Amino acid sequence: MSDAANSAPVLQVDGLVKHFAVTRGLIRRKTIGLVRAVEDVSFEIARGETLALVGESGCGKSTTGRLILRLMDPTAGSVRFKGKEIADLDKDALRRMRRHMQIIFQDPYASLNPRMTVGEILAEPLRVHEIGDDASRAARGRELLEIVGLLPEHARRYPHQFSGGQRQRIGIARALAANPDLIVCDEPVSALDVSIQAQIVNLLQNLQQRFGLSYLFIAHDLAVVKHISDRVAVMYLGKLVEIADKKTLYDRPLHPYTQALLAAIPKPDPALRTKRVMLQGDVPSPFRPPTGCRFHTRCPHAQARCSAEEPLLREAAPGHRVACHFFETIPAPTILARAGLANGKFAARLAAFEAAKTARAPG
Amino acid sequence: MDTLLEVRGLKTHFATDRGLFRAVDGISFSVPRGRTIGLVGESGCGKSVTSLSVMGLVPSPPGKVEAEAVLFGNRDVLRLTADERRKLRGGKMSMIFQEPMTSLNPVHTVGQQIIEAILAHTAMTPRAARARAIEMLELVRIPSAAQRIDDFPHNMSGGMRQRVMIAMALSCEPALLIADEPTTALDVTIQAQILDLLSDLQRRLGMAILIITHDLGVIAEVADQVLVMYAGRIVESADVNDLFADPQHPYTIGLLGSIPRIDVDRKRLATIEGTVPSPNNQPAGCRFAPRCPFADQRCRLDPPPLRDISPGHQVACWKAPVEVAS
């Protein structure tokens with residue numbers, strides 16, 4: 001982390017905005033309004049760092065990921081990748097640059113072409129970017145399969161012959177093919193069972209260490225995010241409401257929305273079963289977001305000013321920014337936490353489970 | 001305790017082109033009146049098929065449901081006529097599903113759908129049924145219920161639709177509510193609202209809940225007793241506090257170790273190697289043996305029975321309890 005902080009950021013996002021026009025009428029199309037999907041979002045990602053972008057459905061986190069890869073054009077704002085503004089790139093230059101920024105999708109079933117063998121799927125990014133010849137691409141494909149924990153001979157098979165977790169590994173191998181610097185991971189483990197999810201999370205962490213990758217990890221699951229990220233940005237209705245390093249965000253969340261999100265996660269420990277403070281109501285429509293602070297309609301601490309004036313993202317501490325008028329005075333939530341799994345029968349059994357696994361592992 | 005539902009030796013198999021799929025393969029459990037039983041496991045473990053079998057919603061063919069008995073009250077539901085089953089479903093035994101989008105009919109208002117359910121199971125007049133439907137929508141905390149009753153499902157959010165499903169399921173005062181992944185499709189703040197609503201309704205109405213989920217967090221929040229399923233069998237059954245503090249089956253241990261948690265700091269997640277066996281090609285002995293770090297020859301040959309390890313705690317494992325130095 002320390003040397004990563006010194007070097008220039010891999011990605012700088014500044015004032016990113018995306019509005020979608022809502023139209024009505026078949027013959028004379030009229031724009032009747034705008035869905036403000038992403039509104040003035042700024043952040044940076046350092047080399048080798050994982051920034052998580054979290055929030056509930058419709059908060060704009062996936063749109064932000066797509067804007068960064070320029071899979072869609074932003075309404076306003078700047079995205080600089082290794083210092084270069086991507087909005088200025090022409091088609092060819094953009095394609096050359098995409099070699100260095102890749103994406104992993106949520107749905108391992110829909111993101112692999114069913115008519116291509118795994119070998120072809122892995123060779124395609126190399127072919128597109130004109131790297132190597134057929135033989136070297138095939139060799140790279142076999143190497144990639146080993147890197148992600150599959151077997152070289154799997155290259156001859158088709159996606160349907162794999163389980164969901166294995167397909168996600170293939171998706172990861174494809175993203176790695178052209179040696180990228182940044183990978184946008186869009187809900188990469190949400191569709192997987194927990195035991196498989198853990199395998200993929202561990203794999204992503206190993207690959208990051210091995211290849212010095214930066215991740216933008218888009219997710220709704222704050223528990224997974226806590227495990228994998230260095231810093232966390234929380235979005236609500238298109239706006240960034242809080243950004244901080246992981247420890248600060250989980251130990252001392254300042255925005256009422258972050259506090260509510262953390263409180264809402266069911267804890268896998270019946271001893272922590274408590275009556276929680278709950279958010280009332282649903283997320284409002286991004287078509288007509290509330291005035292002032294967009295969260296004020298559900299916020300337990302809202303005051304008159306919140307519906308009138310939009311809060312700025314203000315610095316609470318170095319590296320910790322919060323968009324709330326009153327974060328200084330909001331009472332701190334009680335964070336339910338345990339010292340760890342260090343004691344108890346479960347911890348001892350888990351240690352025995354892991355030890356037995358290591359003892360059996362070949363080599 | 002007063003037993004409401006008792007399932008003994010349930011087997012649900014499906015005949016397919018690729019052989020016999022043993023989705024549920026000989027499971028027994030009971031649901032006491034007014035309590036919450038959690039059925040937890042990963043995709044394909046048979047948890048949903050179990051609930052569909054109890055409800056009599058397994059299509060036959062290709063499905064075949066067999067059991068020594070599935071006693072609800074004092075009646076064996078597998079031996080009821082089609083008509084008697086229909087009366088029971090949505091009446092004394094009711095179900096909600098994961099997808100509140102697809103389980104409501106898009107061309108009818110939510111009110112029409114709740115009223116239909118009430119009229120099918122009671123002798124109420126349509127006017128009384130409508131009043132009852134509004135009362136139910138208020139019970140599930142839908143604001144301005146008297147107006148929202150005439151909304152179509154597409155006018156409602158996912159959380160609201162799940163509330164409508166719950167209102168419909170509870171409209172005939174069931175003794176048992178089966179909830180199959182009721183919050184999986186919802187955002188976490190909405191999930192918290194729905195779980196809270198279910199617990200509150202249970203306290204007020206006294207029904208038993210069989211909740212089916214892959215999420216051990218949800219189980220820890222709401223269940224009294226937990227059944228862990230793996231590859232069509234129950235591998236562990238325990239009181240919720242026991243299960244989380246003192247898990248006995250290696251699968252349960254691995255599963256608990258693989259959940260990322262916000263309340264505990266850990267460097268690495270535990271993983272369970274490999275994948276779930278295919279339901280038409282199950283291992284001969286313990287079905288978890290190919291993935292189990294403790295497995296030996298006996299585990300691979302002999303299926304372990306579910307046996308008592310301490311009062312109220314059962315496990316199907318030859319190696320349990322894994323002795324640990326404390």
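# Briefing on a predicted two-chain model

A:A323 lies in the loop of chain A that runs between β12 (320-322) and α12 (345-360). The model is predicted.

**Surroundings of A:A323**

- A:A323 has a relative accessible area of 8% and is therefore buried, the cut-off being under 20%.
- A:E242 is 81 residues from A:A323 along the chain, yet their C-alpha atoms are separated by 6.2 Å.

**Annotated domain in chain A**

- An unreviewed UniProt entry carries the annotation "domain: ABC transporter" for residues 11-262 of chain A.
- Over residues 11-262, chain A is 37% helix and 28% strand.

**Nonpolar cores**

- The largest nonpolar core contains 66 residues, and A:I172, A:L176 and A:F217 have the most contacts inside it.
- Helix α7 (residues 194-211) of chain A gives the most to this core, contributing seven residues.
- Leaving out residues up to four places away in sequence, A:I172 touches A:I104, A:V148, A:I200, A:L203, A:L204 and A:L207.
- A second, separate core has 40 residues, including B:I118, B:A129, B:I149 and B:L186.

**A sheet in chain B**

- In chain B, eight strands form an open sheet with mixed pairing, in the order β7-β8-β9-β3-β10-β11-β13-β12.
- Its edge strands are β7 (93-96) and β12 (307-310) of chain B, and each of them pairs on one side only.
- From one strand to the next, the twist averages 25°.
- Strands β3 (residues 36-40) and β9 (residues 208-213) of chain B run parallel and are joined by five bridges.
- B:V40 has B:T213 in β9(B) as its bridge partner.
- Helix α1 (residues 47-55) of chain B packs on the sheet, where it touches β3, β7, β8 (176-180), β9 and β10 (225-230) of chain B.
- The direction of helix α1 of chain B makes about 145° with that of β7(B).

**Cysteines**

- A disulfide is a covalent bond between the sulfur atoms of two cysteines.
- A search of the whole structure finds zero disulfides over all chains.
- The cysteine sulfur closest to that of B:C45 belongs to B:C286 and is 14 Å away, which is too far for a bond because the cut-off is within 2.5 Å.
- B:C45 is buried, at 3% relative accessible area.
- B:C172 also counts as buried, with 10% relative accessibility.

Key:
Residues are numbered from 1 along each chain as its sequence is written. Chains are lettered from A and ligands numbered from 1 in the order in which they are written. This is a predicted model: local features need pLDDT of at least 70, side-chain atom pairs count only at pLDDT 80 or more; totals for chains, interfaces and linings use all residues. Side-chain values use heavy atoms; hydrogens and water are left out. UniProt positions are given in the numbering used here, feature names are shortened, and annotations may be inferred rather than shown by experiment. Helices (H or I, at least four residues) and strands (E, at least two) are DSSP runs, numbered from the N terminus. Buried means under 20% relative accessible area, exposed over 50%, partly exposed in between (1.4 Å probe, protein chains only). A nonpolar core is a set of buried Ala, Val, Leu, Ile, Met, Phe, Trp, Tyr and Cys residues joined through side-chain atoms within 4.5 Å. Contact means heavy atoms within 4.5 Å. Two strands pair if DSSP finds at least two bridges between them. Axes are lines fitted to C-alpha atoms, for helices over the stretch in contact, and angles run from 0 to 180 degrees between N-to-C directions.
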